[in-house]
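Look at the model below and follow the chain with your eye before reading on.

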Amino acid sequence: MSQGQAVSRRRLGSELKRLRDEAGLTLEQAASALECSASKISRLETGKGLPKQRDVRDLARLYGKEAERSLERLLRLAKEGARAGWWQEYTHLLASDPFVFDGADRYAALEAGATSIRTFDHSALPGLLQTEAYARAILDIMLPAHSPEEIAKLVEFRMRRQSVLTRAELPLRVDAIVDESVLLRMRALEAQVRAEQVDQLIQRMRLPNVDLLVLPLSAGFVRAALGNFVVLEFEESQDQDAIFVENHAGNSYLEGDFGVEKFKSIYDEARERTLGPVESVDYIRDVIGG
């Protein structure tokens, strides 16, 4: 089974960094030997650069016998990491609104390769739980400069992303917290849109790999309320977990020791103050579905 593009790049980068460290070389020394910039090697090691077979071969020769013995596996990871993801036919439509959807292709790649996510939202329902009509209503507001055809394409993109919930092997585990205000705003939707969305939420919550909990306004202030975020977790230990943070100034990613544990703690604190699973279902049915 082919690994996700993002997972392969990150795994390759982790291996390249380990091999460089074991060879006793700095980024600058490796870059000097290959006559390239240190930033190029850094981007490969962090999974952000597009891996090329030639570069991987050159680095393996430079790093010594162990790296050369691992060359076949490294080249396979490079090949998988260079493969275009299905989402790239959609994400070019987001380029004209960079402060709303910066790096959408990267997020889709990470999501496809993750084994579980924890998400907190106080503006809208998580994309993985949205109906087509709800997604269209949200995107019409967020992307006012887009044509109806472009919005339709992006709704299709969002619906295709949801396949991770029911994929045959290792369906994505989703732990979602939504602020009560998100659900109260659903009352402004047309009755049919609201009813379809409520039905879908209930159906998704029946999946063994999906938990959706409501954070009531009565819980008071929590640190999570400062902004939407997603914790993306990966099965393999060498794949560092990542944080995706949304805001009006642009979306950003945190990896490794740069805030991942902090956001996990923030999520867990908010989860302790949510309604329970049964109470969350009752709330959605009684307050939003009414």
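Predicted model: local features only at pLDDT ≥ 70, side-chain atom pairs only at ≥ 80, totals over all residues.

For α2, which spans residues 27-34, and α4, which spans residues 53-63, the angle is about 115 degrees and the axes lie 11 Å apart. Because angles from 65 to 115 degrees count as roughly perpendicular, α2 is described as roughly perpendicular to α4. The crossing of α2 with α4 is right-handed.

How are helix α13 and helix α15 packed? Helix α13 (residues 191-205) and helix α15 (residues 277-288) form an angle of about 165 degrees, and their axes are 10 Å apart, so α13 and α15 are roughly antiparallel to each other. Their crossing is left-handed. On the α13 side, R194, V198, L201, I202 and M205 take part, and they meet P277, S280, V281, I284, R285 and I288 of α15. The residues of this contact comprise 8 nonpolar, 1 polar and 2 charged.

Stepping back, the protein chain contains 15 helices and 6 strands, and 49% of its 290 residues count as buried. Among the contacts between residues at least 6 apart in sequence, 75% join residues that are at least 24 apart. The accessible surface of the chain comes to about 14400 Å², and carbon and sulfur atoms account for 51% of that surface.

Key:
Residues numbered from 1 in each chain as written. Heavy atoms only, no water. Axes fitted to C-alpha atoms, helices over the stretch in contact; angles between N-to-C directions. Helix = DSSP H or I, 4+ residues; strand = E, 2+ residues; numbered from the N terminus. Parallel < 35°, antiparallel > 145°, perpendicular 65-115°, else oblique. Left-handed = near helix turned anticlockwise from the far one by under 90°. Buried < 20%, exposed > 50% of the residue type's maximum accessible area, 1.4 Å probe, protein only. Contact = heavy atoms within 4.5 Å. Areas by Shrake-Rupley, 256 points an atom, 1.4 Å probe, with all protein chains shown as cover. Nonpolar A, V, L, I, M, F, W, Y, C, P; charged D, E, K, R; others polar.
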